[in-house]
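Q: I am new to this structure. Please show me how to read its features, one at a time.

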Amino acid sequence: MPFLSLPVFTKMTSETHGARRSTEPLDLRDVIESIPALVLCALADGSAEFANRAWQEYSGRPLQELTGGGWQTTIHPDDIAKFFHESTVALVSGKSTETEARLRRADGQYHWFSIRKTLAVSRSRNSEPSLRTLIACEDIEERKQEESARRYSEERHRLVVETASDAVISLDESGAILLANPATTRVFGYDPAELIGKPLTILMPEFLRKLHEAGFKRYLATRERHINWQGTELTGLRKNGQEFPVEISFGELSKDGHRVFTGFIRDISERKQAEEIRKQAQKAIQTAQAELARVSRLTTMGELAASIAHEVNQPLTAVNNNSSACLRLLANQSLQPDVLRRALEEIVADGTRASAIIARIRAFIKKAPVEKSRLDVNEVIGEVLAMMGHGFEENGISLQSDLAQALPPVLGDRVQVQQVLLNLIMNGIEAITAVTDQPRSLWVESRIDESGDILVAVRDSGTGLGLEADRVFTPFFTTKANGMGMGLAISRSLIESHGGRLWGTPNHPRGAVFSFTLPVDGEGPS
Amino acid sequence: MTRASVVFVVDDDPSVRSSLKFLLSSVGLQVESFDSAEAFLQRKPPDAPSCLVLDVRLHGLSGLDFQRELAARNIRIPIVFVTGHGDIPMSVRAMKAGAIEFLTKPYRDQDLLDAVRIALERDRARREQERDLTDLQQRFNALTPREQEVISMVVSGMLNKQIAAELGTAENTVKVHRSRAMEKMNAQSFADLVRMIEKLKGPAEKAS
């Protein structure tokens, strides 16, 4: 503090000491008295020769109590050693020194003071030069507190940066890294020290570097922000060359005309991964739901077939009962003509009822909502084979497919065509399973037939059709122990509703071939 | 087969019902038909060998529930199930609960007739057994208390002398009681008497 270089407080002095006249020569002591700082003059032995008014007022003690050793009691006991050590150093080196110490105020509180000591040598003509120490103290309590508050705040911020789980990196205007926190190591794999002075682009994959440099340059020139500074998702590059998703937020600070940019870089690999997993799960759910809808349509067909069986079996049972009874009575020669007539009438009625039920079923199947779209038959075959899953392996059947490439699309209901194909393949598997002493094979083929339609054939090495080749399409005809006898009948009506045909022929040397055709979309009279 | 035996048909399909009645009567069976389980339950249980030909799928009480209901009412009538569309668990349940047969429509007529014949035979045998037991019980009840006491002791293996000592009477008196009881019970031999008493004890022991 420049109080000893003494700006001249002429006016102030004259006011303070009104008795004097301003024209009188300036007394240095008056000046010292008027200074707002605490000033004391100590002799070489540490005793005070003089303490100014400010000191007296601050300490609440009159001059008499301060002169001699008394003044030292105003120094905080913890600071005395430092206080005098510094004084000694000052004495020896002959320089003015500055230190800080707490001085006690009149009310007993201690304030921090900046203490400046200057060695003054005065020479009388006849005696040894005498040494005095001029001690000037300035109250810095307020500044100290501000400083401590600032330090606390800085410390807090430093702690935040040091312990943050995100990488915190500061850049200068050239894009060089000024600072990197410890988390940078975890995120990028670099030691913070390695990064100081390196360009930020070291942490980006190649494709981002040019973009970053151009963007950074443009920002410095225009100050226009082109990207979101809070939470932009970009790609980072680790020291080991691995790229990973990051979320970056950054801010700018100007200091002494220099701009510093600080970025918070968060590794969001895990979050991305979780999002990806969630996306996949959602996709899987959607697929499963679609699958479920499809399977339920297939099941509905199965349940329909079951209830059809019940419905139709009632009149069939009645027909059987009535005709058996007639035969028995006939054998006993006890069949009365009117009894026979009534039985025959009932038989006819039940026969009519059965065919009416079948007609209703046909109508129902035709009425079932049909969603026709362009289908790649090979794709449908692929789907059905996939649905069959391990059905072939489990039954020890070798599956062979021979699909013509680049077939034109057909117009059809995917589910219905799947149903037909599934039905033919299931029939094939059952027929093959009955054969135990021969190689078991099933072939699925697709091609364009002579009339330009798409032809799909399911060929098996099973038991074959024998003489029943035509009857298999009759509703409720079955060669299977647990068969409903509806599969081929329904399949045929489905294919016919698509404008195609379905038929069966013997396979050579063994088994059966079931083939169906579907007209190519966009061709033919329609 | 007893002439008086009756086959009850319960099926809610009128043409199945009437054709079944026709088929069963064509082999000389007496048939009564009902369109529901509830309708059958209205009827007084018959006093002749009988069986039920029952459709599984009925309006109202289903065939399987009806089977349980009959068991709960202690109506022991053999059942032949017929169904338009049966599955294995259904048939297992029916057979476990004592059904004679579980036929899937359309069945072979001979299978149905065979099942009905077996059912009626089983019911006839059961009724005969029950009637024998009733007769036996009546004969036993007709004995005097002392006669009942004496033959119970005889059957348990005691000698006449021991019984006389036990009852505090003469051995000759015991002999008289014994021969009279044998006569009233219509027992041909001592072994025959033992069988009769065992038979009488049978249901009583089971009940206790």
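**Reading the interface, a pocket and a salt bridge**

Q: How many salt bridges does the rule find across the interface of chain B and chain A?

A: A salt bridge is a side-chain nitrogen of Lys or Arg within 4 Å of a carboxyl oxygen of Asp or Glu. Across the interface of chain B and chain A, the rule finds two. Asp13(B) pairs with Arg353(A) in a salt bridge, and their closest N and O atoms are 2.3 Å apart.

Q: What is the ground for these values?

A: This is a predicted model, where local features need pLDDT of at least 70, side-chain atom pairs count only at pLDDT 80 or more, and totals for chains, interfaces and linings use all residues. Residues are numbered from 1 along each chain as its sequence is written, chains are lettered from A and ligands numbered from 1 in the order in which they are written, and side-chain values use heavy atoms, without hydrogens and water.

Q: Which elements of chain B give two or more residues to the side that touches chain A?

A: Helices (H or I, at least four residues) and strands (E, at least two) are DSSP runs, numbered from the N terminus. In chain B, the elements are helix H1 (14–26) and helix H5 (109–142). H1(B) gives the most, with eight residues.

Q: How many residues of chain B are in contact with chain A?

A: Contact means heavy atoms within 4.5 Å. Here 21 residues of chain B are in contact with 23 residues of chain A.

Q: What area is buried between chain B and chain A?

A: The size of an interface is often given as the accessible area lost when the parts come together. Buried area uses a 1.4 Å probe and is summed over both parts. Between chain B and chain A the value is about 1,800 Å², and carbon and sulfur atoms give 53% of that.

Q: Which element gives the largest share of the lining of the second largest pocket?

A: A pocket is an open set of points on a 1 Å grid over the protein atoms alone, where a 1.4 Å probe fits, with protein on both sides within 12 Å along at least five of seven lines; lining residues have an atom within 4 Å of a point. H9(A) gives the largest share, seven residues. Helix H9 spans 206–222 of chain A.

Q: Where in the chain do Glu247(A) and Arg271(A) sit?

A: The side chains of Glu247(A) and Arg271(A) form a salt bridge (3.0 Å, N to O). Glu247(A) lies in strand E9 of chain A and Arg271(A) in helix H10 (residues 269–331) of chain A, 24 residues apart.

Conventions: Buried area = accessible area lost by both parts, 1.4 Å probe.
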